[in-house]
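Visitor: I'm new to reading protein structures. Could you walk me through this one?

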Amino acid sequence: MSLRDLFINAEQHPAYWTQKLYMSFLQDLTEAMAEVGMTHSQLAETLGAKRPWVTRLFNSCRKGNVTIHTIARLALAVGRRPVLVCLRPGEQVSVVTDRSTTATTTATMATSPASSVSSPP
């Protein structure tokens, strides 16, 4: 079995998509925190949680075991709104934010290992 076959096979399992979604969310959350100058401690304080809980969220990325409610709380704590969509292979989604300048992110979910995500500078 080739590496390409292994990748395509992995895409058929929920665990693959759970991990991919969680890692993508953590990347977005980290970028949002940096934009507003927020630390893990400040995020915890905003959420009324303890810092070790926030640290576990970032360190348990291999598990991806977090609820949609928690994702919503985290996104809102950094001034963002969570978005979850189901796409067909090859389908694209554009997200327009309500910031003073409009930002558009286009994600292309390809059926091959060469998935791409592009965002404006």
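Predicted model: local features only at pLDDT ≥ 70, side-chain atom pairs only at ≥ 80, totals over all residues.

Visitor: How many helices and strands does the protein have?

Guide: Five helices and three strands. Along the sequence they follow the pattern α-α-α-α-α-β-β-β.

Visitor: What does "buried" mean?

Guide: Buried is under 20% relative accessible area, exposed is over 50%, and partly exposed is in between (1.4 Å probe, protein chains only). In this protein, buried residues make up 21% of the 121 residues.

Visitor: Which residues of H3 are buried?

Guide: Leu43, Ala44 and Leu47. Seen down the axis of H3, these buried residues fall within an arc of 100° (taken from the directions from the helix axis to the C-beta atoms), so they line one face of the helix.

Visitor: And what do the buried residues of H3 pack against?

Guide: They pack against H2, H4 and H5. Contact here means heavy atoms within 4.5 Å.

Visitor: How do I read a nonpolar core?

Guide: In soluble globular proteins, nonpolar side chains tend to be buried together. A nonpolar core is a set of buried Ala, Val, Leu, Ile, Met, Phe, Trp, Tyr and Cys residues joined through side-chain atoms within 4.5 Å. The largest one here has 18 residues, and those with the most contacts inside it include Leu29, Leu57 and Val78. Helices H2 (14-36), H3 (40-47), H4 (51-59) and H5 (68-77) each give two or more residues to this core, with the largest share, six residues, coming from H2. Leaving aside neighbours within four places in sequence, Leu57 is in contact with Tyr22, Leu26, Val66, Thr70 and Leu74.

Visitor: Is Met38 buried or exposed?

Guide: Met38 lies in the loop between H2 and H3, and Met38 is buried, with a relative accessible area of 18%. Not counting residues up to four places away in sequence, Met38 touches Met33, Leu43, Thr46, Ala77 and Val78. Met38 and Val78 are 40 residues apart along the chain, with their C-alpha atoms separated by 8.0 Å.

How values were computed
Residues numbered from 1 in each chain as written. Heavy atoms only, no water. Helix = DSSP H or I, 4+ residues; strand = E, 2+ residues; numbered from the N terminus.
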